Amino acid sequence: MTVRNPSAHVDSWYSRSATPAPAHPRLEGRLTADVVVLGAGLTGLSAALELAQAGLDVVVVEANRVGWGASGRNGGQVIFGYGCDQSKIASLVGLDVSRQMFDWSVEGVDLVRERIARHDIDAHWRNGHAHVAIRPRHVHELKAWQRDLVENYAYPVQWWDRDQLQAQLPSPRYLGGLYDPRSGHLHPLNYTLGLARAAVAAGVRIFEHSPVLSLARGARPRLLTASGEVEGDFCVLAGNALVHGIAPELDDKIMPVGTYIGATEPLGEDRARSLIRNDMAVADINWALDYFRLSADHRLLFGGRASYSTLPPPRLAANMARRMARVFPQLHGVKFETVWGGLIDISLNRAPHWGRLGDNVYFAQGFSGHGVAATGLAGRILAEAIRGQAGRLDAFANIPHHNFPGGRALRTPMLVAAMAWFKLRDALW
Ligand SMILES: Cc1cc2nc3c(=O)[nH]c(=O)nc-3n(C[C@H](O)[C@H](O)[C@H](O)COP(=O)(O)OP(=O)(O)OC[C@H]3O[C@@H](n4cnc5c(N)ncnc54)[C@H](O)[C@@H]3O)c2cc1C
């Protein structure tokens, strides 16, 4: 992972192709607002935008740049659902609430499309997403998932057998797939920068290069940085996997995990289109999954390595190229021009961890690597709760969450060991 300057955007195909965006000042002195937000990723910006559109005065405080975290680096796959299976959510909150939550997740996908259109964001949106099967076990799992989605959630995903899938995705690796025309993919950094532009137009004040050092809780919560502080009636914590020590009871509920992606050299339009003819995004359903899609300038964006120790894997580009050639043997010898990584915030059960601390500090975390659409929804739901309609946030706050076992010192080695088992399962069955 190349970082040119610790506070600039990580070097990625996204930062190289980003729409120019204004810099925001550092937080200096004492400010007040109705709502203060920690973090200018998709969660914080979505909440800020919704609140400002409702007439509230909002300040966002960001340690680095807008979109510096996962929001500006991710795979760009905009998919319904959450980081865990919907059946897991049903087991935690019951089928009726799970049905509502599923519908809200689809609202999150639609919200992305609506915001791109409404705020005229150059986000390179493309329709279509497929979850694909590598092994016969995956075919059974995907068909069972389709039955669950259709019967319990009235969501019409399509099963494509091998021939149907190969007509769009001519890779020898896959046995079939579940296709959703409503999901899609986008340029995540441009989308995040576009949301920031919309938020500023709605009156939000954003401060960059202003790491929050502490949160003073009380009747009016305060975010404190080295050179300033901002106080509000309400606070939103949206620091995801990157925040630490601001609200320790939240830190123990998530585990930062490194995940990696790269962009090939340009392939040319015809060659790129021959790989994914309908331009959909694709993800397999292995535990250590591969996911990929085409960029607007005809590269393959291919992601898939995870690091539970958060240390970047060695020889990342070569390793990515090997994985890519398993999917597309015709790309043997094609090089990755850039590879980069970021952190995701997994919760122990992979379910979203959204709620409030006391009366006036709200948070959303635990997106578990599935947040491009869900973050927009989370921001909207936090904003609703701050404005007095807490029904949807309360539903999420009722999902039980446990601390990672092993405490600070042991949770990483324990997770690494557990993940090794899941990877072995991918390889064997
Ligand atoms: C490589 C990668 C690929 C991914 N692919 C996909 C995908 O294809 N589809 C999908 O749905 N999801 C994907 N995800 C997950 C998705 O990107 C995230 O769930 C989502 O972007 C989280 O948004 P966020 O706003 O909550 O967090 P972030 O975008 O991480 O934003 C948090 C912000 O808070 C700031 N911050 C932290 N601490 C402080 C502090 N003390 N003071 C001030 N600011 C602070 C950070 O600098 C950061 O800008 C991927 C993630 C990664 C890393």
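Student: What is the mean pLDDT of the chain?
Tutor: pLDDT is the predictor's confidence in each residue, from 0 to 100. Here the chain averages 93, and 93% of its residues reach 70 or more. Residues 1–6 stay under 50. Where pLDDT is low, the predicted coordinates should not be read in detail. As for ground rules, residues are numbered from 1 along each chain as its sequence is written. Since the model is predicted, local features need pLDDT of at least 70 and side-chain atom pairs 80 or more, while totals for chains, interfaces and linings use all residues.

Student: Which strands does strand 2 pair with?
Tutor: Strand 2 runs parallel to strand 3 (residues 58–61) over four bridges, and V35 sits opposite V58. Four bridges also join strand 2 to strand 12, again in parallel, with V236 as the bridge partner of V37.

Student: Are the side chains of strand 2 buried or exposed?
Tutor: In a regular strand the side chains alternate between the two faces of the sheet. Buried means 20 or more other C-beta atoms within 10 Å of the residue's own, exposed 12 or fewer, partly exposed in between, with C-beta atoms placed from the backbone. In strand 2, V35 and V37 on one side and V36 and L38 on the other are all buried.

Methods
Two residues are in contact if their C-beta atoms, placed from the backbone, lie within 7 Å. Helices (H or I, at least four residues) and strands (E, at least two) are DSSP runs, numbered from the N terminus. Two strands pair if DSSP finds at least two bridges between them.
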